[in-house]
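The sequence and structure are shown first.

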Amino acid sequence: MQALNADEIRRSFVNSSKSQVKAVTMPAGLTELPWESLDFLGWRDAKAPARAYLVVPREDGVLGIALNTSATGKPRRGTGLCDLCHTAHKVIDVALFAARRAGSAGRAGNTVGTYICADLACSLYLRGLREPEVPQGETVGSEVRIERLGHRLESFVSRVLA
Ligand SMILES: [Zn+2]
């Protein structure tokens with residue numbers, strides 16, 4: 001995706017109030033991110049770790065979604081799968097994120113939930129730039145996986161907008 005500045009990111013949010021957008025902590029080193037290797041920008045809020053954000057490039061510009069994840073409860077065992085990139089992780093490295101839906105549905109308290117890599121680094125896992133800690137069962141190549149990530153991301157975005 002193309003590099004974004006803080007203003008462009010703040011303007012992109014579709015499911016947040018003005019004060020929530022103001023409170024967003026930008027990712028560290030925004031100008032040095034590996035933008036060309038990112039399908040979307042995803043990060044945890046350094047000042048509020050239960051908050052996370054996705055900024056997704058689309059045909060008509062970028063679209064930002066604020067997410068919430070509850071603090072991890074008692075330790076769980078086993079592995080889990082990211083709903084977006086299908087990378088397998090130790091269960092603690094996948095988190096259930098909830099996005100408030102855009103518009104009146106969101107104001108009425110409706111959310112959309114999905115499991116995502118806890119560090120929101122799907123793009124890096126698919127390109128071999130970050131290694132998951134558990135063996136992967138996936139046999140298809142990274143290009144196909146990147147394309148599928150795009151479709152799943154778009155379907156998540158449309159659920160938030162619907
Ligand atoms: Zn992922």
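## The loop between S5 and S6

Val91 is placed in the loop between strand S5 (88-90) and S6; helices (H or I, at least four residues) and strands (E, at least two) are DSSP runs, numbered from the N terminus. Val91 counts as buried because its relative accessibility is 11%; buried means under 20% relative accessible area, exposed over 50%, and partly exposed in between (1.4 Å probe, protein chains only). Although Val91 and Gly103 are 12 residues apart along the chain, 32 Å separates their C-alpha atoms.

The model is predicted: local features need pLDDT of at least 70, side-chain atom pairs count only at pLDDT 80 or more, and totals for chains, interfaces and linings use all residues. Residues are numbered from 1 along each chain as its sequence is written, and side-chain values use heavy atoms, with hydrogens and water left out.

## Strand pairing

Strand S1 (41-45) is largely enclosed by the rest of the structure, because 4 of its 5 residues are buried. S1 and S2 run antiparallel and are joined by 5 bridges; two strands pair if DSSP finds at least two bridges between them. Within this pairing, Gly42 stands opposite Leu54 in S2, and a hairpin connects S1 to S2 through 2 residues.

Strand S2 (residues 48-58) pairs in turn with strand S3 (residues 61-68), in the antiparallel sense and over 8 bridges. Val56 has Leu63 in S3 as its bridge partner, and S2 and S3 form a hairpin with 2 residues between them. S3 is also joined by 2 bridges to strand S6 (residues 94-100), and these two strands run antiparallel. There, Leu67 stands opposite Ala99 in S6.

## Residues with positive phi

Most residues other than glycine have a negative phi. His86 is not a glycine, yet its phi is positive, at about 60°. His86 is placed in the loop between strand S4 (79-81) and S5, and counts as partly exposed because its relative accessibility is 30%.

Leu120, also a residue other than glycine, has a positive phi near 55°. The loop that holds Leu120 lies between strand S7 (111-117) and H4. With 3% relative accessibility, Leu120 counts as buried.

## The second largest pocket

The second largest pocket contains about 220 Å³ of space. On a 1 Å grid over the protein atoms alone, a pocket is an open set of points where a 1.4 Å probe fits, with protein on both sides within 12 Å along at least five of seven lines; lining residues have an atom within 4 Å of a point. Grid points are joined across faces, edges and corners, and a volume is the space filled by probe spheres set on the points.

The lining consists of 14 residues, of which Leu33, Leu38, Gly42, Leu124 and Arg130 lie nearest the centre of the pocket. S1 and helix H4 (122-126) each supply at least two lining residues, and the largest share, 3 residues, comes from S1. By class, the lining has 10 nonpolar, 2 polar and 2 charged residues. Here Ala, Val, Leu, Ile, Met, Phe, Trp, Tyr, Cys and Pro count as nonpolar, Asp, Glu, Lys and Arg as charged, and the others, Gly among them, as polar.

Ser17 is found in the loop between helix H1 (6-11) and helix H2 (18-22), and its relative accessibility of 28% makes it partly exposed. Ser17 and Arg148 are 131 residues apart in sequence, and their C-alpha atoms are 31 Å apart in space.

Thr31 lies in the loop between H2 and S1 and counts as exposed, at 70% relative accessibility. From Thr31 to Arg11 the C-alpha separation is 17 Å, with the two residues 20 apart in sequence.
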